[in-house]
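Please study the sequence and the model before reading each solution.

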2 protein chains.
Amino acid sequence: MKRSKQREAIIEALCSTTIHPTADWIYDEVRKKIPNISLGTIYRNLNLLSSENDIVKIGVIGEQCRYDGNIKPHNHFVCKRCNKVMDIDFEYDNSISEEADKLFDGDIEYHSLLFFGTCKDCLDN
Amino acid sequence: MKRSKQREAIIEALCSTTIHPTADWIYDEVRKKIPNISLGTIYRNLNLLSSENDIVKIGVIGEQCRYDGNIKPHNHFVCKRCNKVMDIDFEYDNSISEEADKLFDGDIEYHSLLFFGTCKDCLDN
DNA sequence: ATATAAACAGTAATGATTATCATTATCGTT
DNA sequence: AACGATAATGATAATCATTACTGTTTATAT
């Protein structure tokens with residue numbers, strides 16, 4: 001894998017925020033520094049980086065895929081009303097993948113735990 | 001909500017299998033009984049039923065959304081190689097949504113726990 | 001400096017899902 | 001049993017996030 005300033009800018013944008021952005025958001029953000037970057041480059045690198053486990057592909061929330069620059073194991077809350085994705089600090093056994101792996105007839109590498117509901121902002125409005 | 005034989009056939013198809021099918025699979029299945037049913041009807045009803053909590057929308061795996069007729073709380077395993085979705089029998093505390101709700105500044109309704117890895121069939125090939 | 005392979009920008013294509021709309025089916029009321 | 005109100009449907013078009021393609025540029029090893 002060669003270096004590229006585009007890829008570095010994508011990582012920087014992703015790590016600068018906790019909103020768990022979409023490809024579009026990252027595109028807008030990176031264009032401030034590299035105005036002619038292509039949206040295809042954003043997608044190509046997000047896929048490449050997540051396949052290398054340098055970032056986390058959270059999955060499709062609403063219409064678009066969400067990404068996370070924080071690769072430390074943690075869980076997410078998704079607001080069903082506004083589609084906001086937030087980190088959720090919930091102490092539970094993060095080794096459940098390993099435990100499940102022992103019981104499962106196949107190979108379990110990792111897990112994803114998502115909580116769904118309504119965020120405070122939406123409850124207040 | 002009025003009855004419709006299309007919706008009933010969709011529920012029947014979904015409950016007849018454990019493969020956690022896509023809308024396309026259900027479309028093919030239901031067409032055996034109702035040959036001129038429309039794909040739009042499949043999508044419309046799957047969305048309606050999941051919003052009424054009569055079925056479960058697992059989410060997008062690979063390219064397409066997967067559904068489950070089994071609404072009893074349970075977890076899923078996703079094979080990253082073949083995109084197969086399987087039920088996984090893993091005993092853990094299903095009340096974590098309620099516990100997380102107490103700690104979270106917002107309203108948590110439910111959670112989704114997905115395990116990712118490689119299934120036995122793929123490991124053998 | 002040059003070779004070569006990866007990465008890029010720009011654009012077109014793909015394909016799952018949703019929207020539209022005229023028609024049909026359901027169901028409570030008469 | 002016919003009626004009226006409205007939910008649901010089939011057929012098709014539209015949407016739009018993501019991926020594929022192609023000719024050009026860039027990084028890096030020799």
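**Exercise 1: The strands between the chains**

Strand β5 (residues 106-119) of chain A is joined by 13 bridges to β5(B), and the two run antiparallel. This is a predicted model in which local features need pLDDT of at least 70 and side-chain atom pairs count only at pLDDT 80 or more, while totals for chains, interfaces and linings use all residues. Residues are numbered from 1 along each chain as its sequence is written, and chains are lettered from A and ligands numbered from 1 in the order in which they are written.

Task: State which residue of β5(B) stands opposite G106(A).

Solution. Step 1: strands are DSSP runs (E, at least two residues), helices are runs of H or I with at least four, and both are numbered from the N terminus. Step 2: two strands pair if DSSP finds at least two bridges between them. Step 3: the residue opposite G106(A) is C119(B).

**Exercise 2: The side of chain B that touches chain A**

Task: Describe the side of chain B that touches chain A by element and by class.

Solution. Step 1: 28 residues of chain B are in contact with 28 residues of chain A (C-beta atoms, placed from the backbone, within 7 Å). Step 2: at least two residues each come from β1 (56-61), α4 (96-103), β5 (106-119) and α5 (120-124) of chain B. Step 3: β5(B) gives the most, with 14 residues. Step 4: this side has 17 nonpolar, 7 polar and 4 charged residues. Here Ala, Val, Leu, Ile, Met, Phe, Trp, Tyr, Cys and Pro count as nonpolar, Asp, Glu, Lys and Arg as charged, and the others, Gly among them, as polar.

**Exercise 3: The relation of the copies**

Task: Determine what kind of axis relates chain B to chain A.

Solution. Step 1: a rotation of 180° with 0.0 Å of shift along its axis superposes chain B on chain A, with RMSD 0.0 Å (least squares on the C-alpha atoms of residues with pLDDT of at least 70 in both). Step 2: that is the relation of a two-fold axis. Step 3: the same surface serves both copies, as 100% of the contact residues of chain B recur in chain A.

Conventions: Contact = placed C-beta atoms within 7 Å.
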